[in-house]
Amino acid sequence: MQREICGFWRRAASFFIDILILGLFGILLGLFFSQQFVVLGGWGRIVGFAIAALYFGVLNSRILNGQTVGKKIFGIQVVDENGQLIDIWKSLIRYSIIGVPFFLNGAQISANVLHSVWLYLVAFLVFGVGLSIVYLLVFNRNTRQSLHDFLVGTYVIKIRNAEMSTLKRVWRFHYGVCATLLVTSLCIPILVKHLSQTEFFAELLDVQERVQSLPTVAHASISDGKTTFRPVDGDATLTTYIKCDALLSIDETANEVLAAEIADAILATHTKSSERNVIHVALIYGYDIGISSFWRSNSYSFSPAQWKERIKNTSEYH
């Protein structure tokens, strides 16, 4: 095969244009279907995946000359090893190989996944496949094929330059790196399961489960940490904290009673929460469909003693 392979930066710029177009379309959809996206919760990313599949699957196929809008602007297209445009089914498979890790990354993962075989699949796709795709895009200079190109036998070439060059072989070292990434990704679930059984993380999971049992909380993330403030003059100040980001199914971000209920759940479940300097509670409402997102939030930060007083006042009020 003799073609001039598209370089990294032109391909990246093309992808940026395509993501921008999908993002604008996602924002437009959000104006009309925001509540439906909120109801879908973490499953909303399937909507974004399907829209992106339609965009990349159709446009990168022979139906529209193997060119998305970004590729058309930069004069590049997707072809097979014979220099021919690909059919829509191969294009959809090509997209799915890169799309699935992208939309899984950052998705709301249930704590139940930590104790199931699904964790291995998620880790393999997000870390193994995802990192392999990025690695090959950056370092495979001979053919500029990434993992999704390898698996379906495609190339991204320039079409505005009449000069052709002989295609070089892929450096075998790249295969070794990708194999290492894929195998290593299967070790991540083992580490996650080990950490989840330690007292530190097990307690955080208990807090998460307790908070998520509240009626309007769809998903919660809990962290236990510390920050250090170092002024130019004076001693450093250490602040310990427990932080809870609560994703709500209805817009109650201004509900101080709900924030107090979440703080009460933290204090009742986490044995060392009263020893922390601050407990942060963030009430968050919105959606994320992968191609666009919208969030509204309010944060409430008080010391454990202040939270206990607020919880007491809330109980007396009701």
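In which kind of crossing, left-handed or right-handed, does helix 2 pass helix 4?

*Solution.* Before we start, a word on the model: it is predicted, so local features need pLDDT of at least 70 and side-chain atom pairs count only at pLDDT 80 or more, while totals for chains, interfaces and linings use all residues. Residues are numbered from 1 along each chain as its sequence is written, and side-chain values use heavy atoms, with hydrogens and water left out.

Step 1: Helices (H or I, at least four residues) and strands (E, at least two) are DSSP runs, numbered from the N terminus. A crossing is left-handed if the near helix is turned anticlockwise from the far one by less than a right angle, and right-handed if clockwise.

Step 2: helix 2 passes helix 4 in a right-handed crossing.

Step 3: (Axes are lines fitted to C-alpha atoms, for helices over the stretch in contact, and angles run from 0 to 180 degrees between N-to-C directions.)

Step 4: find who touches whom, where contact means heavy atoms within 4.5 Å. On the helix 2 side, R45, G48, F49, A52, A53, F56, G57 and V58 take part, and they meet I88, S91, L92, Y95, S96, G99, V100, F102 and F103 of helix 4.

**Exercise 1.** Describe how helix 1 packs on helix 2.

*Solution.* Step 1: locate them. Helix 1 covers residues 8-40 and helix 2 covers residues 44-59.

Step 1: their packing angle is about 145°, and their axes are 10 Å apart. The crossing of helix 1 past helix 2 is right-handed.

Step 2: look at the interface. Helix 1 brings F15, D18, I21, L22, F25, L29, F37 and L40, while helix 2 answers with G44, V47, I51, A52, Y55 and F56.

**Exercise 2.** Work out the length and bend of helix 5, then say what covers its buried residues.

*Solution.* Step 1: helix 5 runs over residues 118-139, which is 22 residues, and reaches 30 Å from its first C-alpha to its last. That's close to the 32 Å expected at 1.5 Å a residue; the expected span is 1.5 Å times one less than the number of residues.

Step 1: there's a kink of about 30° centred on F124. The bend at a residue is the angle between axes fitted to the seven residues ending there and the seven starting there.

Step 2: pick out buried residues (under 20% relative accessible area; exposed is over 50%, partly exposed is in between, with a 1.4 Å probe and protein chains only). In helix 5 they include L119, V122, V126, V129, I133 and L136. Their cover includes helix 4 (88-104), helix 6 (147-152), helix 7 (172-185) and helix 8 (188-196).

Step 3: zoom in on S132, a residue of helix 5. S132 has a relative accessible area of 0%, so it counts as buried. Leaving out residues up to four places away in sequence, S132 touches F127, S146, L147, C178, L181 and L182.

**Exercise 3.** Which residues have the most contacts inside the largest nonpolar core?

*Solution.* Step 1: a nonpolar core is a set of buried Ala, Val, Leu, Ile, Met, Phe, Trp, Tyr and Cys residues joined through side-chain atoms within 4.5 Å.

Step 1: the largest one has 25 residues, and those with the most contacts inside it are V211, V217, C244, I262, V281, L283 and W307.

Step 2: see where they come from. Suppliers of at least two residues each include helix 9 (199-212), strand 3 (217-229), strand 4 (237-248) and helix 10 (256-269). Helix 10 gives the most, with eight residues.

**Exercise 4.** Compare N65 and R144: where are they, and what is phi for each?

*Solution.* Step 1: N65 sits in the loop between helix 2 and helix 3 (69-73), and R144 is in the loop between helix 5 and helix 6.

Step 1: most residues other than glycine have a negative phi. Phi of N65, though, is near 65°, a positive value, and phi of R144 is near 55°, also positive.

Step 2: N65 has a relative accessible area of 35%, so it is partly exposed. R144 has 15%, so it is buried.
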